[in-house]
Amino acid sequence: MKRKFLVPLFIVSLSLVFAGCSIMSNETSSSGNESVQQDNTKEDSSIEAETTQETLLKEREALEVERKKTLGEFYVPLPELGKEPERKTVKARALYLTANVAGFDFEEKDIDYYVDYIRALSGESGKPADKSRMDDINKLEKALAICKATEVNALVIDIKNDDGLVAWNSDIEVVGQLKSNWNTPLKNYDKLMAYLNQNNIYKIARVVSFKDPYFAKTMPEHSIQLKTGGVYKDRAGTSWVNPFDKYVWQYIVAVSKESALRGFDEIQFDYVRFPDGAKTYNPITEFPGRDNRDKDIGIEEFLKFASKELEPYNVNLSADVFGFITRSWDDKPEDIGQTWRKMANQTDYMCPMIYPSHYGPGLYGFDVPDQHPYEVSRLAVMEAIERNAAQKNPGKIRPWFQGFNAPWVKGYKNYDAKAISDQIVASMELGVDEYIIWNATCNYEPMSFFYKERLNKNIRKSEEDVMNRTPEAALTRYFTAEKNRRYSHLYLLTPIANRQEDFDAFVLDVEKTMPVLKKYDILSIAKVENGEYVATVNGEYSSNEGTAKMQEAKFKIVLENDIYKVVKPELVWEKL
């Protein structure tokens, strides 16, 4: 019986085997076709990618040919395709270095020795500080060690300095023509840049802009001119290039582009202004290309030009300004071309030089401001915050602080680690957590950066804004500004959406009706659910439209960009 079934089973088995072979053969054939199709797709994609890349390269080559023609001696190539740098955003706490110091050779073992010294000095390592090799450590190694051992994470390095000299062997034609890089102290920048990248140290190129005695001497036609003929020189005997001159703009920007191309994360324009002492030189000088523009318009337009030109290089842009610019308005009385609101909107960072030694007697209420690093820095940074809070998209505040003694000041203070860090503390307590320390000799006290236990976290009282104003104080200041026609105060105290962005247009709007606050009485101020405050006010305005009497009028006080601002209710005018 069993044998009788063997043949049919065997046949069935063979049938299944052949069927399976047929199926497998079909599957293999199908799979093979898919594989071929996939290979063909990959090959097509690869060919398409190569074609696209070739097209992009040809387009770039054509673009560079056109740029060479257009830019001429100012030509700097764009970043290599596919290797464009990413724009970095860091909270920069920086030290300044001259190109000479940045050009020193350095050894990592010497840097690490000084790192150990700092950690011992601060008590962090619990070891005694070893000074045995201190004489062998150069200024660059010390600065790099400070970056490694403290919160300092950035360096500002001269690429075009106060003399107008470019720090390295440049590929820019105009630099070669001028020979403005004749001393090239930063020859071996590659080694330094590699170290900075490896250690995540943010790199800021300082480009001194319009104070350029070398350029002014070499190409006097691009300098500030005397009306009687010749080139103007300031009180120190220094010639300045003409900030309205677009040839000068292109030169500055070309050096900036090369700095970006060689690895800097940020371009910082210093001396981005006209000379001081304007009252003396204004009557005797002229600026070809000015076309009746105010000086601050010229600086604003330069920054716009630089920002647009540097956009393909993916670098941040910052501007150094006089410390006094945090409190002046409309470039007055200095007339040096620096107006905060005009510059802040064109940069990523605004860097006021808040050096207490540079403020005159009586400023901020101190006979010798240099003796009060904390108080002066706090007040100046507060003013900067208030100005920034009035703009839609201003650059961040990153102040310069004093890291040097000022023996020319009568009663000057010794700026030791405590005095230097007092400035940082004042800024940090206000929420401005970036800074740069200036010392022209590049000697830095590492203990300046161990200060955090001194921060007063409760310095701001409840219901105060960053200016230490209560809602009532802000409203009172608003009314005082109205009574005294202090338009700048009104501009700063009015929410951005409730006024013209341009200050001159804002003033014109106010003066249309010429309202005069005759009297006011703040009856009460109450906090409402959305965090705003509502003040109930009696008062009276008069204007060329008549009289507006306020009976329990409602004024809103809102917190915008950490500053209390006032929203005035619509006035109803009664004709006289």
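**Exercise 1.** Find which residues the ring pairs link into a cluster with F210 in this predicted model.

*Solution.* Start at F210 and follow the ring pairs: they join F210, W249, F269, F302 and F305. Next, look at the core. The largest nonpolar core has 137 residues, and F210, F269 and F302 are among those with the most contacts inside it, along with L144 and I157. Helix α8 (residues 246-261) is the top contributor to this core, giving 9 residues. Now zoom in on F269: leaving out residues up to four places away in sequence, its contacts include V207, I252, F302, L303 and D320. There's also a second, separate core of 30 residues, with A390, A481, I557 and L571 among its members.

**Exercise 2.** Classify the aromatic pairs that F274 forms with F244 and with F287.

*Solution.* F244 and F274 sit 5.3 Å apart centre to centre with 55° between the planes, hence tilted. For F274 and F287 the centres are also 5.3 Å apart, but the planes make 80°, hence edge-to-face. Then check burial: F244 has a relative accessible area of 3% and F274 has 0%, so both fall under the 20% cut-off for buried. F287 is buried too.

**Exercise 3.** Describe how helix α12 meets helix α13.

*Solution.* Take geometry to begin with: the axes of α12 (residues 373-388) and α13 (residues 417-429) come within 8 Å and cross at roughly 35°. The crossing is right-handed. Then list contacts: α12 brings P373, Y374, S377, R378 and V381, which meet α13 residues including A419, D422 and V425. Sorted by class, that's 6 nonpolar, 3 polar and 3 charged residues.

Definitions and conventions
Residues are numbered from 1 along each chain as its sequence is written. This is a predicted model: local features need pLDDT of at least 70, side-chain atom pairs count only at pLDDT 80 or more; totals for chains, interfaces and linings use all residues. Side-chain values use heavy atoms; hydrogens and water are left out. Axes are lines fitted to C-alpha atoms, for helices over the stretch in contact, and angles run from 0 to 180 degrees between N-to-C directions. Helices (H or I, at least four residues) and strands (E, at least two) are DSSP runs, numbered from the N terminus. A crossing is left-handed if the near helix is turned anticlockwise from the far one by less than a right angle, and right-handed if clockwise. Contact means heavy atoms within 4.5 Å. Ala, Val, Leu, Ile, Met, Phe, Trp, Tyr, Cys and Pro count as nonpolar, Asp, Glu, Lys and Arg as charged, and the others, Gly among them, as polar. A nonpolar core is a set of buried Ala, Val, Leu, Ile, Met, Phe, Trp, Tyr and Cys residues joined through side-chain atoms within 4.5 Å. Buried means under 20% relative accessible area, exposed over 50%, partly exposed in between (1.4 Å probe, protein chains only). Rings of Phe, Tyr and Trp (its six-membered ring) pair if their centres lie within 6.5 Å; planes under 30 degrees apart count as stacked, over 60 as edge-to-face and the rest as tilted.
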